[in-house]
Amino acid sequence: MTLLLIYVALLVTIWALTAWLSTRIRNRDGMVARKTVTFGDESAVRPSRLASIASVAVIFLIWAAFTGSSWSFIHAPLDWQMRPIWLPPPENVWRRLLDIAANGYRNFSLWEHLSISIWRVFAGFFFGALIGIPLGFAMGLNSFLRGWFDPIVEFMRPVPPLALIPLVIIWYGIDEKAKVILLFLAALWIMAIAARAGVAGVTLSKVHAAYSLGASKWQLLRHVIMPNALPDIFTGARVAMGVCWGTVVAAELVAAEKGAGFTIMVASRFMQTDIVLMGIILIGVIGYSIDVAMRLLERWLVPWKGRG
């Protein structure tokens, strides 16, 4: 609770300071290039770089201060600090990262542990999107197929992928095929719902305009429906990729010989908290990097998003 209160206090303080600086800058620059309406306009909302940097700095500062880190100029009282067995200081995690990067862990290099997890995620997501997107389009364009598949999709959608791990292991064992199938099932329903939502969001006036110009069904699909559905598909892809990344780590906790989740699982058995924390940080960094890459890809492939 103390850490939470400190974090909230720092958040409010930095937010107020940032708002004050932004007001000073706007007053200095006048009314040039300012929007009159910003609340509710998604295009007017951009992440503040200063807030992002401050957010990471605050988390690091709290972590270092409450673990007695030599990297911090601020330290919490001794009775507030956490023992390294519960939460090691940042320099311990950094040294462990350098050691495993140089010498490996459990007969595999750090890159081998991370690359196999990344490969599993992309393989499962690829097959999930390959089937899920056409399935979503079919559900959005055909009443019979919508009625046929809708109960299946809506039934499987709320089922956590982790609940399927025992069944997948029983059916396919613990080899790579089982993990890819589990990730395929994690991505399939998300991509199907995203594609169906994209089709449902097509403006009827655009459909009528295309037909009035003599467009065929294929031309309507190619030039109207698909471009309209792409923003929803990319949103679903980002969600599906995040779910797949979390699922593969959990699957490796249960049955794997290498991978990011396997590293965390083995380290936890021997109370190697620095390795556990190192694995969590690497998982977060890789997941965030994948999400940023997908945002850039969406910006490149769907430049019309949010422009009507």
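Tutor: Let's begin with valine 56, which counts as exposed at 58% relative accessibility (exposed is over 50% relative accessible area, buried under 20% and partly exposed in between, with a 1.4 Å probe and protein chains only). This is a predicted model, in which local features need pLDDT of at least 70 and side-chain atom pairs pLDDT 80 or more, while totals for chains, interfaces and linings use all residues. Residues are numbered from 1 along each chain as its sequence is written, and side-chain values use heavy atoms, without hydrogens or water.

Valine 56 sits in helix 2 (helices are DSSP runs of H or I with at least four residues, strands runs of E with at least two, numbered from the N terminus). From valine 56 to arginine 96, 40 residues away in sequence, the C-alpha to C-alpha separation is 21 Å.

Val56 also belongs to the lining of the second largest pocket, together with Ser52, Ser55, Ile59, Phe60, Trp63, Ile280, Ile281, Gly284, Val285 and Tyr288. On a 1 Å grid over the protein atoms alone, a pocket is an open set of points with protein on both sides within 12 Å along at least five of seven lines; a cavity is a set where a 1.4 Å probe fits but cannot get out, and lining residues have an atom within 4 Å of a point. This pocket holds about 480 Å³ of space (the space filled by probe spheres set on grid points, which are joined across faces, edges and corners). Two elements, helix 2 (49–65) and helix 11 (273–301), each bring at least two residues to its lining. The biggest share comes from helix 2, with six residues. Sorted by class, the pocket lining has eight nonpolar, three polar and no charged residues (Ala, Val, Leu, Ile, Met, Phe, Trp, Tyr, Cys and Pro are nonpolar, Asp, Glu, Lys and Arg charged, and the others, Gly among them, polar).

Helix 4 (residues 110–141) and helix 10 (residues 260–269) do so at an angle of about 125°, with axes 7 Å apart (axes are lines fitted to C-alpha atoms over the stretch in contact, and angles run from 0 to 180 degrees between N-to-C directions). The pair is therefore oblique; under 35 degrees counts as roughly parallel, over 145 as roughly antiparallel, 65 to 115 as roughly perpendicular and the rest as oblique. In this packing, His113, Leu114 and Ser117 of helix 4 meet Ala260, Phe262 and Thr263 of helix 10, where contact means heavy atoms within 4.5 Å. The residues of this contact are three nonpolar, three polar and no charged.

Further along helix 11 we come to glutamate 298. Glutamate 298 is buried, with a relative accessible area of 6%. Setting aside neighbours within four places in sequence, its contacts are Pro231, Phe234, Arg238, Pro303 and Lys305.

The largest cavity contains about 80 Å³ of space. Of its 11 lining residues, Ile165, Ile169, Ala178, Lys179 and Ala251 lie nearest the centre, and the elements giving two or more are helix 6, helix 7 (176–200) and helix 9 (217–254). Its lining divides into nine nonpolar, one polar and one charged residue. Isoleucine 169 lies in helix 6 (residues 165–172) and is partly exposed, at 28% relative accessible area.

To set this in the whole chain, there are 11 helices and zero strands. Of the 308 residues, 37% count as buried. Among contacts with a separation of 6 or more, 71% join residues 24 or more positions apart. The C-alpha trace spans about 75 × 65 × 35 Å along its principal axes.
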